[in-house]
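This report describes selected features of one protein structure. Please view the sequence and the coordinates alongside the text.

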Amino acid sequence: MLESLPIIDVASLILAVFLGYLAVREYVDHRTEKLEKELKMVNSALTRERYAFSDKALQMYGIKDHQLLYRDGWVVPFRAGVLMEDVLAVESDAPVNVGDTRHPRWMPYRGLTYSDNVKMTLGKKISYLPIYALAEEPKTEGGSVTVPVRTCQYCQFFDTCDYLSFEIAHAMRIRRIPPEAIRMPDLPYRSSIEPYDLSNRHTGIGISTLTVVVNIPDEIGQVFLVHNRKGKTAEGGEVYHAVPAGSYEPIDGMNPETHGNRPFDSAFREFIEEVIDTRYDFVSSPDLLKYFSEKVHADIFYLGIGLEPLNLKAEMMSLMIVDFQMSSLFDGCDSVEDLFKDRKETDEGGIRVVPFREEFIDHYANSRKSFTTFREMLRIVRQDFDSIKNHKVEGTVGASFATDLGDGAVEELA
């Protein structure tokens, strides 16, 4: 066909095709640049204004007197005395159907998932490592708790849960829908997700532990730890949170006939990694867990589980009470601060040591910078403040690892 056309027409056709390609390329580049900018703006808004978005999500779910979504029996007061080691996670075969997670409408890179877009645009750390997700509602009977779980990848949780955070922030800050006017139909993904139907998403489980140190030989006497988190964390950057806190993940090397993958083990592992020594990244050695349990005289209590309103993630809450004078971890320390004095702040932030007094608990419980789960934990703790303050630590952490887990030599790691 081209052979029958005059040379000038062939050249014009080629030029038109080339110019058309450039126009399409310019449009795609402009669109990508615009959506990248919007994604950064949404991330910045979630960092600065997470309280406002969480508060709006709570209003949409009709929650007024607490910070998480939960049903009767999900939250357990301290006075009930349920220990974390009595919380049993069991594998569930409940079905899950999450559908397509690419969300192309507001993503810079249409063929990729939300987590991949966030990694490419924001440089956040979002892994493919396995985590546990809540598969069915937890069951509390007497002094024990059963949590049905399934495994998924962290990025799958991010795609199916944390996208809810992006959607509401995008509606309020990019689409400019006033907070008082926003309704569920304005949030198509959220409106398709029924919070207590755990088959419609990978409801990753976070385990957050409020650490209280008692029996300190100084004028303060008791303190609690606050994590001042930085913006590079995948969730909840630039917020105050409990420490330790992290995803409930399988522990490699654990013998299922002894401990399996208990929430207790995950909580204590995070304590090693975030509080004792940041050199230990993703502790998987049962011997190391046992070794450090002998250096910490502490009890860990289960406070319950709820759904974070902004991303509908499952949040397991616990309280760790550590006896300063009975814990060899503090040998040579005159104060809790001494444990952190030579430590450099990590990419995830630093740790504050705060007097365990009602006015300080109230301060962080009401701070707009405090993470939703942290505020709920402080609300629960405030109700039993006197009992917690006067609790005599029995050292159940060490007893929990009394089983022979192997003869690995860990002393050299200390």
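Predicted model: local features only at pLDDT ≥ 70, side-chain atom pairs only at ≥ 80, totals over all residues.

**Strand pairing**

Strand S4 (residues 144–153) is a partner in several pairings. Strand S1 (residues 87–91) runs parallel to strand S4, and five bridges join the two. Within this pairing, Val87 has Val145 of S4 as its bridge partner. Strand S2 (residues 130–134) pairs with S4 in the antiparallel sense, also over five bridges. Here Pro130 is bridged to Gln153 in S4. Strand S3 (residues 139–141) is antiparallel to S4 and is joined to S4 by three bridges, with Thr146 of S4 as the bridge partner of Lys139.

S3 and S4 form a hairpin with two residues between the strands, and in this hairpin Gly142 has a positive phi near 65°.

Another hairpin is made by strands S9 and S10, with six residues between the strands; Leu312 takes a positive phi near 55° there. Strand S9 (residues 298–307) and strand S10 (residues 314–323) are antiparallel and share nine bridges, as the table shows. Asp299 stands opposite Ile321 of S10. Strand S9 is mostly covered, since 10 of its 10 residues are buried.

| Strand pair | Sense | Bridges |
|---|---|---|
| S1 (residues 87–91) and S4 (residues 144–153) | parallel | five bridges |
| S2 (residues 130–134) and S4 | antiparallel | five bridges |
| S3 (residues 139–141) and S4 | antiparallel | three bridges |
| S9 (residues 298–307) and S10 (residues 314–323) | antiparallel | nine bridges |

**Aromatic contacts**

A pair of aromatic rings is described by how far apart the centres are and by the angle of the planes. With a limit of 6.5 Å between ring centres, the model contains 18 aromatic pairs. One of them joins Tyr114 and Phe158: the ring centres are 5.3 Å apart and the planes are at 10°, so this pair is stacked. Planes under 30 degrees apart count as stacked. Tyr114 belongs to helix H2 (residues 114–122) and Phe158 to helix H3 (residues 154–173), so the pair ties together parts that are 44 residues apart in sequence. Tyr114 and Phe158 are both buried.

Phe158 also pairs with Tyr154, at 6.4 Å centre to centre and with 35° between the planes, and this pair is tilted. Tyr154 and Phe158 are separated by about one helical turn because they are four residues apart in helix H3. Tyr154 is buried, as is Phe158.

A contact of another kind involves a charged side chain. Arg71 lies over the face of Tyr196, at 4.2 Å from the ring centre.

**Pockets and cavities**

Rolling a probe the size of a water molecule over the atoms shows where empty space is left.

The second largest pocket has a volume of about 200 Å³. It is lined by 14 residues, and those closest to its centre are Tyr51, Gln67, Ala365, Asn366 and Arg375. At least two lining residues come from each of helix H1 (7–60), helix H7 (358–366) and helix H8 (372–383). Helix H1 gives the most, with four residues. By type, the lining of this pocket consists of four nonpolar, four polar and six charged residues.

A search of the whole structure finds two cavities of 30 Å³ or more. The second largest cavity holds about 40 Å³ of space. Its lining is made up of Thr211, Val213, Leu225, Phe271, Val275, Val322, Phe330, Val336, Leu339 and Phe340. Strand S5 (205–214) and helix H5 (263–276) are the elements that give two or more residues to this lining. Nine of the residues lining the second largest cavity are nonpolar, one is polar and none is charged.

Which helix holds Leu58? Leu58 is found in helix H1. Is Leu58 buried or exposed? Its relative accessibility is 4%, so Leu58 counts as buried. Leu58 and Glu308 are 250 residues apart along the chain, and their C-alpha atoms are separated by 9.1 Å.

Definitions and conventions: Residues numbered from 1 in each chain as written. Heavy atoms only, no water. Phe/Tyr/Trp six-rings, centres within 6.5 Å; stacked < 30°, edge-to-face > 60°. Buried < 20%, exposed > 50% of the residue type's maximum accessible area, 1.4 Å probe, protein only. Lys NZ or Arg CZ within 6 Å of the ring centre and 35° of its normal. 1 Å grid on protein atoms, 1.4 Å probe; cavity = no way out; pocket = protein on both sides within 12 Å on 5 of 7 lines; lining within 4 Å. Points joined across faces, edges and corners; volume = space filled by probe spheres on them. Nonpolar A, V, L, I, M, F, W, Y, C, P; charged D, E, K, R; others polar. Pairing = 2+ DSSP bridges.
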